[in-house]
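Student: I'd like to go through a model with you. Can you put it up first?

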Amino acid sequence: MSGAAPLLKDVFGFDGFRPGQEEIVEAVTAGENVLAIMPTGGGKSLCFQLPALMRDGVTVVISPLIALMRDQVRALQELGVGAGALTSGNTPEETDAVWEGLEAGQLKLLYMAPERLAAGSVMGMLKRVGVKMIAVDEAHCVSQWGHDFRPDYLRIGELKRALNVPLAAFTATADAETRNEIVQKLFAGTPPRSFLGGFDRPNIHLTFAAKNSPRNQILSFAAARRGQSGIVYCGTRAKTEGIAKALNDAGQKAIHYHGGMEADDRRIAERKFQQEDGLIVAATVAFGMGIDKPDIRWVAHADLPKSIESYYQEIGRAGRDGAPAETLTLFGPEDIRLRRTQIDEGLAPPERRAADHGRLNALLGLAEALECRRKTLLGYFDESEVTCGRCDLCDNPVDTFDGTTAVRKALSAMLRTEEWFGAGHLIDILLGNETEKVKQRGHQSLPTYGVGTEYSKPEWQAVFRQMMGRDLVRPDPSRHGALRMTDAALPILRDEQKITLRRDSIKAAGSSRRPAVKAMVSDEDAPLLSALKAKRRGLAETAKVPAYIIFTDRTLIEMAETRPADLDQMAGISGIGAKKLESYGAAFLEVINGEAEMMHPQRRKLAGRDAGDVYDQLLEVQAALSRGALGTEKPLSCSASLLAKVAQMHNANADAIERILGEKRAERFGAAFLDVLQAAD
Ligand code: ADP
Ligand code: ZN
């Protein structure tokens, strides 16, 4: 389309549209009424910001959160776009400056908190300064049934009528009820042009794991991502504090957040997370709405979310900038029990409860999936064309086995004890463990007693967990959580249907492997990326803005990987438009060029040769021994040219090395260097 693509590159620095954006930008620019549903991180803001630049006059943006508005305005100003915000957080001077900018025709985007619409004078003023379009962010806030309801959003319909301009509404909430309400309240019932975007977030990696030692599982996941921003969602307030403390004790920067905190403390925590680089927040689900940090690199669930929708929304907060992001969701029988009980004991009417069990089942189905998680997840949203390769099951396909007999034995143990017991006791029966409880109830005389010795206790636990996950059995709150069979289990019990279970989750139930450190770039580019991040941090601190407002991770990663040599090449990187190139291009170029020099010319000469590898290994060995084997001696190192000579030696021996290094250095490094050379030969 005319005009949009060049602006996309010049102003925003993006080479192309994300899926769905182009059609929406076209419709909004053409002045149609639009309702666009896009996943979190799909790039909604661009869909009104770009049209605002292409259209005459001012676009008013209604957005629910003051802090986020200020960040968006800052980000636009960094792009060289005239933007301002009218919120209760403004000083009178700031407000005056915004009105002056509007009167002078310098602003293209005006962000407003919905409360502002209550002031009678505002409508007239907006008309006078030439507002030609309304954009509504988080449009689901108009829905009275959602938990984000904002009464002032109901005034937006009135604003639209008064100004008589087109309106574009954006949300990530897709359900039909909310959509209908948006159409009623914002568009006076006349259906706008609607866009329902794809739900895939291809850069987010999906992993589930059975709980085994949950705190360690979370800590090691975080440890492998040290220095990266992440969220740990926890089931309870107490756990947020415990995990934040454990992370801090492990030397990570972490804070906690939950609904029981004072409102002020919550705001402070939100701002801190939004502003700081590499901070972790351990939080309940109360955390998220006030956050649009694009560089959250990972989201972990220490406890199972309540439904597949919540799961999708929570993991969706990771990786909005499009750079790779990771997720880990832990689950276990206790989670399933808790979630079922919450539904059963909730106040919702019976049909609503059944639907909630269904949504939980969908999530459990995902947790116990036997193949690609992404296919399973998107299948729930009716998307069938899915390519993945970024989930744990695509990485390591699961080993399955015919679990029919195991499940039948478990069901039989349940039924023979009249569905009055939980998994622990049932497993004792299956294994023939003569516990007090077994003896007391005379359960050692049951026909199922001791029939399950082919599996260990953890293996049986995994079988029961999968049975709960497949909704074959449910805990009954009126029986203290005893397991009861559901109708879904009948065909298996009667041997009319087989069931396949995962084997590896049985094995994994006993082991805990430490994941390797996950880097955002290859080893080779890592030092440059940290140098670029340090530069970004410095600039952000000076400008008092969050780091991502300077450049997102994704932009820095591309810079580290492609190493632009001059400003022209720099301009080709995603996220660098004309204004940012001018503001920051030179500073970052300096870092990149500095880094190029840091790769010693001696080493550069060896690039692409085996000796280059050897050189790097020598460097590592040298670093390890720089203060001697015990780390107690005076630091010592070899010059780059000495290392290059050693790296190129053939048929090396101790004497030859000593001739090159001299006695002192040979004493410290000689033997270790020889090992490297001999391993390479
Ligand atoms: P949403 O509001 O849908 O969650 P945002 O509008 O905050 O998403 O956009 C998320 C991130 O994606 C932002 O960092 C934005 O700059 C980036 N982005 C948006 N569109 C594009 C694009 N076409 N190419 C690259 N990055 C984009
Ligand atoms: Zn997959």
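This is a predicted model: local features need pLDDT of at least 70, side-chain atom pairs count only at pLDDT 80 or more; totals for chains, interfaces and linings use all residues.

Student: Which residues coordinate the zinc ion (ligand 2)?

Tutor: Cys372, Cys388, Cys391 and Cys394, each through SG, at 2.3 to 2.4 Å. Donors are N, O and S atoms within 2.8 Å of the metal (3.2 Å for Na, K and Ca); water is not among the atoms, so sites may look incomplete.

Student: How are the donor residues spaced in sequence?

Tutor: The spacing is C-x15-C-x2-C-x2-C. Cysteine 372 sits in the loop between helix H14 (350-367) and helix H15 (373-380), and cysteine 394 is in helix H16 (residues 392-395), so this pair ties together parts 22 residues apart in sequence. Helices (H or I, at least four residues) and strands (E, at least two) are DSSP runs, numbered from the N terminus.

Student: Is cysteine 372 buried or exposed?

Tutor: Cysteine 372 is buried, at 8% relative accessible area. Cysteine 394 is partly exposed, at 33%. Buried means under 20%, exposed over 50%, and partly exposed in between (1.4 Å probe, protein chains only).

Student: Switching to the sheet: what is the strand order?

Tutor: Seven strands form an open sheet, S3-S4-S2-S5-S6-S1-S7, with parallel pairing. Strand S3 (83-86) and S7 are the edges; each has a single partner strand, so one side of each has no neighbour in the sheet. Two strands pair if DSSP finds at least two bridges between them.

Student: How many bridges join S1 and S6?

Tutor: Four, between strand S1 (residues 34-37) and strand S6 (residues 167-171). Valine 34 stands opposite alanine 168 in S6.

Student: Now the backbone. What is phi of alanine 188?

Tutor: It is near 50°, a positive value in a residue other than glycine. Alanine 188 is in the loop between helix H8 (176-186) and strand S7 (193-196), and it is exposed at 57% relative accessible area.

Student: And what about glutamate 418?

Tutor: Glutamate 418 has a positive phi of about 55° and is not a glycine either. Its place is the loop between helix H17 (404-416) and helix H18 (423-431).

Key:
Residues are numbered from 1 along each chain as its sequence is written. Chains are lettered from A and ligands numbered from 1 in the order in which they are written. Side-chain values use heavy atoms; hydrogens and water are left out.
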